[in-house]
Amino acid sequence: MDRRVIAAFVVLVPLLAAVPLLKLPAFYETFLYLVLHWIVLATSWNILSGYSGYFSFGHGAFFGVGIYTTAVLSGKLDWPFLSTLPVAALVAAVFGVGLGAIVFRLPRLRGELFGLLTLAITFVIGTIILNTPIDGGPGVYLSAVPVPAIGPTPSGSFYLIILALAALVLWVAYWIYTARLGSGLFAIHDDEDVAEVQGVPTYRYKLIAFGISCAFAGMAGGIHSVFVSYVTVGEVFNIVVPLNVVLMSVLGGSRHWFGPAVGATVITALLYAFTAGDFAVAGRAAIGFILIAVILFMPQGILGQLLRYWRKRAAPKPLPQPLPPAPIPRTGQSGELILSVEGVTKQFTGVRALSDVTLQVHRGEILGLVGPNGSGKSTMVNVITGLYKPEAGRVVFNGTDLVPLPSFQAAHAGIARTYQIPRPFASLTVLENATLAGMFGGRQLSRSQAERQAMHWLEFVGLAERAGALPTELNLHQRKFLELARALASAPQLVLLDEVLAGLTPSEINSAITLVREIRNRGSTVVFIEHNMRAVLELCERLIVLNYGQIIASGDPRKVIADPEVISAYLGTPHETGR
């Protein structure tokens, strides 16, 4: 954690807590309350939606659940106000985790569908509350609920309560941002499937983030219910809260933990300025234009743009010193069986990509896996790494069947891969891409250790000088080698290289062949999927040929490529033509 951030919390929170001692008019404390209220809501929304990219329009639902939890407990059952707040947080979190436990299991409910579903939940919960004794129609009055005398005045007490919650929310958002959880969420944001294969437990991380997000929204709702003293379903369960938190987070910068706080402060101040000047409608229109301008010209938000400008002017941050990795852990002797694929069948809507495939990989070898386009090579890689689950068969790695396990367990077991078309995390730097593999791969390193080992592998593939660049700034050759460095940074026992030479020039291919050979010499077993037969013959001790999802030949590479059936698979069957 950055010591400057810790110092800012230590200094600023007590200073802000001293505001009620100034005995300002209640208006100022109320205005500050509203600013902090929106900071809590926008920051809590950002913990899931900004970090992971799961855009939720249901934040108003969990805010409303918190409101009605406190309204019922304090307004109807006479609970002390403060004692209802943990319950409001818990009830909102349970709703969120329950929804997420279902939704996050369904890959098709990503993107826009997730947003629409969470929006629908807002109105479903509102309808239920309206038609039950929780509300019943007339709303719930809370004017008789005693406000704890934390400050010298009721407005001062509300201000101190929301200040404490805002400080807690910002601290949690900052902790997540700097922790392993935040790294995993940012990887999910860029490419969830790749994150899972890299070893990120995506389902668990999304559920944790959603639960934390909903809990803080529920607690903010509990405080706000007593602040406004009267709540109705129509005022609570509407589109205003989710639209405002989205607007604030995007305006401030959703990729940074403090961005939503900046956006919430700006928007709340602007709304007050226009409302106080009798231009409320024009104010909302102006804010809409501001949002459009930010999306078009400052996609990283106000804070993101300021940080980008600052980094350009500041001295470059020193890169971590490379740390050579420990030897690859071995659970057996060279030549022993490390991977066994047994009777694997995988089909997609009637198309059988793999049909009863059985193959073995031995520790320390470079095994070639070749075949014409559409033969099932990439599908086999996806099955081995757990991205696809086969309809039949087993994938046994070091004695453990990976098929029943979550996909990320393949990376934890010691399997890494590259992609035929490079798929780096676009918003992470070259160094951050490789670091993430070390944090979530087989060794589960700390961030500092993972960074130092990532630098070692970036030097190994010749990308150390581009460590601070984004993947979009690299050419194809460099992106291919970034894929390689990222795979090696996870300290894999088995590396699956999926057409790593595709698109490279002859000299680049020569460099890549040398690297692949060195990878094996450093202790990793290699499965080499490639169309370049020169490279296959130079590197591979054994060759397996796939065609239409079935193995048609295996054995010594030079004998296999001379097999008539293999030649036919690649070149087709000759036909005589009539004269």
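Is Trp 45 buried or exposed, judged by its relative accessibility? In this predicted model, Trp 45 counts as buried, because its relative accessibility is 1% and the limit for that class is under 20%. The points below cover its ring partner, the other aromatic contacts, the charges placed over rings, and the cysteines.

**Trp 45 and Phe 55**
- The structure holds 29 aromatic pairs, and one of them joins Trp 45 to Phe 55, which is edge-to-face because the ring planes stand at 90° while the centres are 5.1 Å apart.
- Whereas Trp 45 is buried at 1% relative accessibility, Phe 55 counts as partly exposed at 32%.

**Aromatic cluster**
- One aromatic cluster is formed by Phe 9, Trp 171, Tyr 174, Trp 257 and Phe 258.

**Charges over rings**
- The charged end of Arg 105 is placed over the ring of Tyr 203, at 3.9 Å from the ring's centre.
- Arg 423 lies over the face of Tyr 419, where the distance to the ring centre is 5.0 Å.

**Cysteines**
- A search of the whole structure for disulfides finds 0.
- Cys 214 is buried, with a relative accessible area of 0%, and Cys 540 also counts as buried, at 7% relative accessibility, because the class takes in residues under 20%.

Notes: Residues numbered from 1 in each chain as written. Predicted model: local features only at pLDDT ≥ 70, side-chain atom pairs only at ≥ 80, totals over all residues. Heavy atoms only, no water. Disulfide = S-S within 2.5 Å. Buried < 20%, exposed > 50% of the residue type's maximum accessible area, 1.4 Å probe, protein only. Phe/Tyr/Trp six-rings, centres within 6.5 Å; stacked < 30°, edge-to-face > 60°. Lys NZ or Arg CZ within 6 Å of the ring centre and 35° of its normal.
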